[in-house]
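Me: I have a model open and want to go through it piece by piece. Can you take my questions as they come?

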Amino acid sequence: MKLLIANWKLNPPTAKGALDLAMSAAKAAGARSAKRKVILCPPFVYISEISRALGKKSKVGLGSQDIFWEDRGPFTGQISGPMLKSLGAKYAIIGHSEQRALGESDGQISAKIKAALHSGITPILCVGYGTESHMAEEDVLMHIKGQVEEDLQGADPSKIIVAYEPVWAIGTGKPATPEHAERVAMFMRIKFKIKKALYGGSANASNAGAFLGKEIDGLLVGGASLDKNDFIKMIS
Ligand code: PGA
């Protein structure tokens, strides 16, 4: 089953709103018409409550939007793998371009990937930062290769989900073409033997079918995952 990963970013503003979004996605994901495996990645502060509301038997997976590389200690403001695991999170988005833009380095991303794996959390690595819409596809592939190599640093690729998110397509309403996204996904799968190769960047209910009809293992969805109706349509 193909993956639909919801990246809520810094939304919604209240716990009530978060719970409401989560339960609506869970209902659609549990329906017989559901065609996708759903993973929700809310802000850290909502994970506990959503986890409890979903319950242990839920078909919906839960993830975080980041993870710290140490398990414990004097690291103010950080959240560790064991903490996330204890709340029921099984996935962590790592290396999102919005984090990279705030200064996150490939070295830090690589440490976070290792920490996630060591805690039994599946990393959802985002690559594509630094790409431009006019770049030749060959150059994009070389860029992605460099990022994946630096971020994995020996981590087992068969345990990692990688999402190609061209930075120019994120939140702009201008997605990459499904054909381009498919070629990048295939490149990542063949070259690195990664577990699953996803696409992200302005994916929504009207274009999801075109992407998921290709050799792409799923979508990382930002804006459209905050719209209940749009996201339900994507699930079914
Ligand atoms: P978008 O965001 O779907 O709003 O473009 C995707 C992402 O940043 O993961």
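Reply: Fine. A place to begin is Pro 12, found in the loop between β1 (2-7) and α1. Keep in mind that this is a predicted model.

Me: What is the peptide bond from Asn 11 to Pro 12, cis or trans?

Reply: That bond is cis, and its omega is near -15°. Most peptide bonds are trans.

Me: On to α1. Is Ser 24 buried or exposed?

Reply: Ser 24, which lies in helix α1, has a relative accessible area of 14%, so it is buried, the limit being under 20%.

Me: And what does Ser 24 touch, leaving out residues up to four places away in sequence?

Reply: Lys 228 and Ile 232.

Me: Where is Arg 32?

Reply: Arg 32 sits in the loop between α1 (15-30) and β2 (36-41). Its relative accessibility is 88%, so Arg 32 counts as exposed, for which over 50% is needed.

Me: Change of topic: the ligand. Which residues are closest?

Reply: Lys 9, His 96, Glu 165, Gly 171 and Ser 202 are the closest, out of 13 residues that surround the ligand. The shell divides into four nonpolar, seven polar and two charged residues.

Me: Which atoms are 2.7 Å from an oxygen atom of the ligand?

Reply: One is an N or O atom in the side chain of His 96. A polar backbone atom of Gly 171 is also 2.7 Å from a ligand oxygen. For Gly 223, a polar backbone atom is 2.8 Å from an oxygen atom of the ligand.

Me: How much of the ligand does the protein bury?

Reply: The protein buries 94% of the 280 Å² that the ligand exposes when taken alone.

Me: Back to Ser 202. What is its phi?

Reply: Near 60°, a positive value in a residue other than glycine. Most residues other than glycine have a negative phi. Ser 202 lies in the loop between β7 and α8, and at 16% relative accessibility it counts as buried.

Me: Now α7. Why does its end-to-end distance agree with what a helix should span?

Reply: Helix α7 has 15 residues (residues 178-192), and at 1.5 Å a residue these should span 21 Å. The end C-alpha atoms are 21 Å apart, so the two agree.

Me: Which residues of α7 are buried?

Reply: Pro 178, His 180, Ala 181, Glu 182, Val 184, Ala 185, Phe 187, Met 188 and Phe 192. What covers them includes β5 (122-127), α6 (137-152), β6 (161-164), β7 (196-200) and α8 (208-212).

Me: Take Phe 192. What does it touch, not counting residues up to four places away in sequence?

Reply: Lys 145, Val 148, Glu 149, Pro 157 and Phe 187. Glu 149 is 43 residues away from Phe 192 along the chain, and their C-alpha atoms are separated by 8.7 Å. The relative accessible area of Phe 192 is 11%, so it is buried.

Me: What follows α7?

Reply: Lys 193, in the loop between α7 and β7. Its phi is positive, about 55°, although Lys 193 is not a glycine.

Me: Is Lys 193 buried or exposed?

Reply: Lys 193 is exposed, with a relative accessible area of 57%.

Methods: Residues are numbered from 1 along each chain as its sequence is written. This is a predicted model: local features need pLDDT of at least 70, side-chain atom pairs count only at pLDDT 80 or more; totals for chains, interfaces and linings use all residues. Side-chain values use heavy atoms; hydrogens and water are left out. Helices (H or I, at least four residues) and strands (E, at least two) are DSSP runs, numbered from the N terminus. The expected span of a helix is 1.5 Å times one less than its number of residues. Buried means under 20% relative accessible area, exposed over 50%, partly exposed in between (1.4 Å probe, protein chains only). Contact means heavy atoms within 4.5 Å. A residue is near a molecule or strand if one of its heavy atoms lies within 4 Å of it. A polar contact is a pair of N or O atoms within 3.5 Å; within protein, one must be able to donate a hydrogen and the other to accept it, and residues adjacent in sequence count only if both atoms are side-chain atoms. Accessible areas come from the Shrake-Rupley method with a 1.4 Å probe; for residues, only the protein chains shown count as cover. Ala, Val, Leu, Ile, Met, Phe, Trp, Tyr, Cys and Pro count as nonpolar, Asp, Glu, Lys and Arg as charged, and the others, Gly among them, as polar.
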